[in-house]
Amino acid sequence: MSFKIYQNENVLEAAQKRISYIFDEFTNIIVSVSGGKDSTVLAHLALTEAHKRGRKIGLFFLDEEVVYKSTIEQVEYIMNLFPKNTIRYWLQIPFNLTNSTSYFDGQVDCWDSSKKKLWMHKRS
């Protein structure tokens, strides 16, 4: 594996240094996770630092309901990685999303209770 070096440190070392700085400067830390690779890496690095320091951090996920099962599984994985260091903020709130699949409806309410049988996963 090759690394590009900038100012005598690689990207991982630079990220770890920046996260360490955040922990030095702030008491309350919350990482927003989407289930994608970028937020998963950031959450993992922050949780590793929290674990090393014996601290807790918040992990925030806004469940839009219309996400893939694999996304939910990834968010559950990262939220359960260091349970003693994690404060879970998993929110399911009714809000409208831009509807790009219909010419007639500009917005979609994913948690519309009249369409409960169509929901992709249950609301907690």
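Author: Let's start with the term itself: a pocket is an open set of grid points with protein on both sides within 12 Å along at least five of seven lines. Keep in mind that this model is predicted.

Reader: Okay, what volume does the largest pocket have here?

Author: About 160 Å³.

Reader: And which residues line the largest pocket?

Author: Glu65 and Val66 do, along with Val108, Asp109, Cys110 and Asp112, and then Lys115, Leu118, Trp119 and Met120. Sorted by class, that lining has six nonpolar and four charged residues, with no polar ones.

Reader: Moving on to helix packing, at what angle do H1 and H2 pack?

Author: Helix H1 (residues 11-25) meets helix H2 (residues 37-53) at about 55 degrees, and their axes are 10 Å apart. Since angles from 65 to 115 degrees count as roughly perpendicular and those under 35 as roughly parallel, H1 is therefore oblique to H2.

Reader: Is the crossing left-handed or right-handed?

Author: Right-handed, as H1 passes H2. On the H1 side, the contact uses Leu12, Ala15, Gln16, Ile19, Ser20, Phe23 and Asp24. H2 brings Leu42, Leu45, Ala46, Glu49, Ala50 and Arg53.

Reader: How do the residues of that contact divide by class?

Author: Eight are nonpolar, two polar and three charged.

Definitions and conventions:
Residues numbered from 1 in each chain as written. Predicted model: local features only at pLDDT ≥ 70, side-chain atom pairs only at ≥ 80, totals over all residues. Heavy atoms only, no water. 1 Å grid on protein atoms, 1.4 Å probe; cavity = no way out; pocket = protein on both sides within 12 Å on 5 of 7 lines; lining within 4 Å. Points joined across faces, edges and corners; volume = space filled by probe spheres on them. Nonpolar A, V, L, I, M, F, W, Y, C, P; charged D, E, K, R; others polar. Axes fitted to C-alpha atoms, helices over the stretch in contact; angles between N-to-C directions. Helix = DSSP H or I, 4+ residues; strand = E, 2+ residues; numbered from the N terminus. Parallel < 35°, antiparallel > 145°, perpendicular 65-115°, else oblique. Left-handed = near helix turned anticlockwise from the far one by under 90°. Contact = heavy atoms within 4.5 Å.
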